[in-house]
Amino acid sequence: MAGHDVSLVCRAPTAALINDEGTEVRIRLRDEDEHRRIRSADLPGKLNALTPEEVDPDAFDMVGLAMQEPQYGVQNIRELVGRIAAARKPCLSIMNMPPLAYLRRLPDLQVGPLAASFSNPGIWDDFEPDLVTLCSPDPQAYRPPDEAPNVLHVGLPTNFRAAKFGDAAANTILSELEADIEAVRLDGKDVPVKIRVFDSLFVPLAKWSMLLTGNYRCVTRDGVRPIRDAVYEDPEVSRKMYDLVDDIARKLGAAPEDQVPFEKYAKAAEQLLNPSSVARAVAAGAVEIERVDKLVQLIGRDLGISSPEIDEMVSVIDARLAENNSSSAARAAAG
């Protein structure tokens with residue numbers, strides 16, 4: 001929409017579909033009741049799709065890392081990531097789980113022990129930390145299960161909050177992207193999803209409080225629940241969890257203005273009527289998910305902050321993933 005050319009990296013069938021039909025993003029503008037259907041074919045920038053093997057990193061100015069962390073261990077993706085690192089391209093990570101290369105930019109953080117929370121920590125070894133930054137993926141969006149994979153539905157449009165790179169040339173690209181997206185209008189109306197760039201490395205970490213208070217607490221020992229229920233079943237417990245994770249971020253170096261007040265998050269959570277993507281993955285039998293819960297637990301311990309609530313959350317998710325792994329192994333053994 002901002003006039004930039006974009007290539008999506010997909011499985012071969014999805015790439016063929018996107019190249020044939022384009023994409024459709026459904027989003028509701030402010031003061032409108034119905035979602036708009038925005039089709040890529042109608043936009044000024046060009047969109048195409050490639051398989052991992054087809055990607056030449058040298059053909060691009062910036063790379064968006066927007067998959068779940070365990071997916072980077074798939075062989076063809078792992079090879080692509082290695083080529084991206086070797087090409088020294090700026091990488092904007094749009095993940096809940098910050099790459100280890102980004103965490104190395106945080107002062108005084110002991111990164112070594114944190115590898116235990118990653119499925120594939122070694123893939124980040126060859127990245128230049130100053131060329132990796134983090135962007136908090138705040139909009140609540142999903143691919144409708146009964147639709148083709150080139151359709152995206154945005155449930156709660158909000159802004160992406162990105163930290164600057166440690167590299168001046170990369171920041172020039174990022175600033176241009178920010179300005180061009182800010183200028184986008186649809187029928188003269190503002191489109192309520194922006195990218196906001198901040199000097200602080202800690203602004204994207206504000207999402208951790210939201211994830212641990214809502215998204216990861218959607219996973220229970222015997223099922224899953226909507227984000228709203230996870231937050232509102234006991235609001236005082238939710239506030240305690242939120243404040244605790246905020247405190248961990250502050251001990252790392254975050255300022256209060258880097259963070260989002262609990263009241264603002266709780267208000268937004270009233271609209272989150274579905275289980276989180278993490279919870280849906282666990283319910284569907286996933287044996288690996290992004291473990292932001294474990295990452296925050298390990299960082300807290302390194303800072304001398306212990307939390308029975310976080311320990312219980314990690315234990316529940318560990319148990320559910322172990323059950324899924326056992327079920328998967330049993331199905332494989334049964335042929």
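In what order do the four strands of the open sheet lie? The order is β3-β2-β9-β8, and the pairing is mixed. The model described here is predicted.

**The sheet**

Two strands form the edges of this sheet, β3 (36-39) and β8 (140-142), and each of them pairs on one side only. On average, neighbouring strands are turned by 25 degrees against each other, with direction ignored. Strand β2, residues 24-27, runs antiparallel to β3, and four bridges join the two. Strands of a sheet pair through backbone hydrogen bonds, and the pairing can be parallel or antiparallel.

**The nonpolar cores**

In soluble globular proteins, nonpolar side chains tend to be buried together. The largest nonpolar core in this model has 74 residues. Within this core, the residues with the most contacts are L103, W124, F127, W208, L212 and I310. Helix α7 supplies the largest share of the core, seven residues. A second core is separate and has nine residues, including C135, A162, F165 and I195.

Leaving aside residues up to four places away in sequence, F127 touches V81, I84, A85, C91, A101 and V132. F127 also belongs to a cluster with Y72 and W124, linked by ring pairs.

**Aromatic rings**

A pair of aromatic rings is described by two values, the distance of the centres and the angle of the planes. There are four aromatic pairs in the structure. One of them is formed by Y242 and Y265, with 5.6 Å from centre to centre and 20 degrees between the planes. This pair is stacked, because planes under 30 degrees apart count as stacked. Y242 lies in helix α7 (residues 235-252) and Y265 in helix α8 (residues 262-269), so the pair ties together parts that are 23 residues apart in sequence.

R161 lies over the face of F198, at 5.0 Å from the ring centre.

**Buried residues**

Are Y242, Y265 and T51 buried or exposed? Each one is buried, because a relative accessible area under 20% counts as buried.

| Residue | Relative accessible area |
|---|---|
| Y242 | 1% |
| Y265 | 6% |
| T51 | 14% |

T51 sits in the loop between β4 (47-50) and β5 (63-65). With residues up to four places away in sequence not counted, T51 touches V9, C10, R11 and A12.

Methods. Residues numbered from 1 in each chain as written. Predicted model: local features only at pLDDT ≥ 70, side-chain atom pairs only at ≥ 80, totals over all residues. Heavy atoms only, no water. Phe/Tyr/Trp six-rings, centres within 6.5 Å; stacked < 30°, edge-to-face > 60°. Buried < 20%, exposed > 50% of the residue type's maximum accessible area, 1.4 Å probe, protein only. Lys NZ or Arg CZ within 6 Å of the ring centre and 35° of its normal. Contact = heavy atoms within 4.5 Å. Core = buried A, V, L, I, M, F, W, Y, C linked by side-chain atoms within 4.5 Å. Pairing = 2+ DSSP bridges. Axes fitted to C-alpha atoms, helices over the stretch in contact; angles between N-to-C directions.
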